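Here are a few notes to read alongside the model. Have it open as you go through them.

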Amino acid sequence: MNLNVLVQLAIALALGVIIGLERGWRNRADDEGFGDSGLRNFAISGLLGGISALLAQNWGFGVLVGIFLGLAGLAATAYVLTAQKSGDYGTTTELALLTTFCLGALALSGFTQEAIAVAVVVAWILGAKPELTKTLNWLQRQELLATLQLLLIAVVVLPLLPNQAIGPWNALNPQAIGWLVLLIAGISYIGYFAIRLLGSKVGLLLTGFFGGIASSTALTVSFSRMAKQQPSETLSFAAGIVLANGIMAPRLLLVIAVVSQTLAYKLAAPLLILGAIPIIAAVAIARWKIDPQTKNLTTITVSNPVEIGSALQYTALLVILSLLVRWAKEEFGEQGIYLLSALSGLADVDAVSLSLANAVQDDFSITVAMYGVWLAITVNTLVKVGFTRAIGNLKLAYWCGSVMLSGLVAGFLVLLAV
C-alpha cells in the first residue's frame, strides 16, 4: 500500500469537501440538495478526479478525459432534470462540480498546494455571491472601465514595451515610463475609491487624507470652493486642505523611491518635515478650533483618474519632461533644470520629480535633482495657496498659507543641511 498515494487521494477528497460545504450549506433546506449540489456529490467528484489522474498515469491521458466527459454528461442530465423541477436555470453548481473534479486530478498530478489554494478561492467565490452582487450593483460603469483599463495597462501594455534606453541622449526607457504611469494611476485609483467608500462617513480629516493620496490640488480647489460658499466652516476646510498637502509629501517620497532610492534617501528628511508640519497642524486645528458637529459635513468628488486618455497624456508629459531635462542640462546647465522644474511645478509635481529621479539613475547630478524637485514643490505649493485665496477666502488663505509655507521653509532648511 502506497501511503503517499493515499494522502494525495485524501487531499483530493478534502478539496471536494471544501467546495461541497458551501454548496451543501446553500441548499441545506433540501434533503438531497437537488442531486448534485450537496456535500457528498462534491466530495465524491474531487475523489473521482484524483482516482482518474492516478489511473491516467498508467493507462494514458485518455482515461482522465473519458471520465471527465462522463461526469460532464451526468452533470448536464442532472441539470436538465433539476432545472425543470426548481425553475433555476443557473449553471454555477454544475461548473463548480466539474472544477472540483479537475482540482482532484490536479492534486494527484503533483500540484497539491495549487489545488488547495484554488479550491479555497472557488469556495469563497461561491459563498460570496450576495456580496459580489451588491458590489456589482454599487460599482459605476466608469469605475468598472477604469479597473479594466488599469489591468490593461498592467498586464497587456507593459509587457509589450521594450526595456531599453532609446531616443535622444538615450533618455527614454519605454517600460520604465510605463511603470511610472501605472504607479501614478494606481495611487490615484486607490485614493478615488477610498474617498468614495469612506469620505462622507469617517470625517473631514480622513477625506483630506485620501484626497492627498488622490490629488491634493483637486482637493484644494474643491474645499476652497466650499469655503467660499460656507465661510463659517472655513477652519474645517482649512484643516482638510492642510492635511491633504501634508500627505502629498510622503506620497511623493514613495513615488521617487520606486525610481531612485538614492534621491529618495537625500530627500527623505526634507519631505518628511514638509509633510509633518501640515499634518500636525491639521490635527491641532481639528481638535481645538473646529466644532465637533462639523467634522462630518463634507465630502469631495475626484474624477476617475484611470482613463486611457489621461494615461496617454501623462505618458506624453513624462516623455517630454525626460527629454527636456536632458536638453536643458546640455544647453543651459543647472539653470535650465531649475527653470524647467519651476514651470512644471505650476501644474504637476509628480511628473518632473519622476523625470529627475529617472535621470539620477543615469549619473545625473543628484544635487541638481534634489533642488529641482524642491523648486517644483515650492511653486506648486504657492499655486495651491493662491487657489485658497482666489477661489476661497482670505481667512482660508491665511490658515493654509501660514501652515503650508511654514512646512516648506522648514523642509528647505533641512534640505540645505543634507
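Which helix gives the largest share of the lining of the largest cavity? Point 2 has the reply.

1. Some ground rules. This is a predicted model, where local features need pLDDT of at least 70 and side-chain atom pairs count only at pLDDT 80 or more, while totals for chains, interfaces and linings use all residues. Residues are numbered from 1 along each chain as its sequence is written, and side-chain values use heavy atoms, with hydrogens and water left out.

2. The largest share is three residues, and it comes from H10. Helices here are DSSP runs of H or I, at least four residues, numbered from the N terminus. H10 (234-259), H11 (261-288) and H15 (366-392) are the elements that give two or more residues to this lining.

3. The lining itself consists of Asn-245, Gly-246, Met-248, Leu-274, Pro-278, Ile-377, Thr-381 and Met-404. By class that's five nonpolar, three polar and no charged residues, with Gly counted as polar. A cavity is a set of points on a 1 Å grid over the protein atoms alone where a 1.4 Å probe fits but cannot get out, and lining residues have an atom within 4 Å of a point. The space inside is about 60 Å³.

4. Now have a look at H5, residues 112-127: its 16 residues reach 23 Å from first C-alpha to last, close to the 22 Å expected at 1.5 Å a residue. The expected span is 1.5 Å times one less than the number of residues.

5. Ala-115, Ala-119, Val-122, Ala-123 and Leu-126 of H5 are buried (under 20% relative accessible area, 1.4 Å probe, protein chains only). Seen down the axis, these buried residues fall within an arc of 100°, so they line one face of H5; the arc is taken from the directions from the axis to the C-beta atoms. Gln-113 and Trp-124, on the face turned away, are exposed (over 50%).

Definitions and conventions:
On a 1 Å grid over the protein atoms alone, a cavity is a set of points where a 1.4 Å probe fits but cannot get out, and a pocket is an open set with protein on both sides within 12 Å along at least five of seven lines; lining residues have an atom within 4 Å of a point. Grid points are joined across faces, edges and corners, and a volume is the space filled by probe spheres set on the points.
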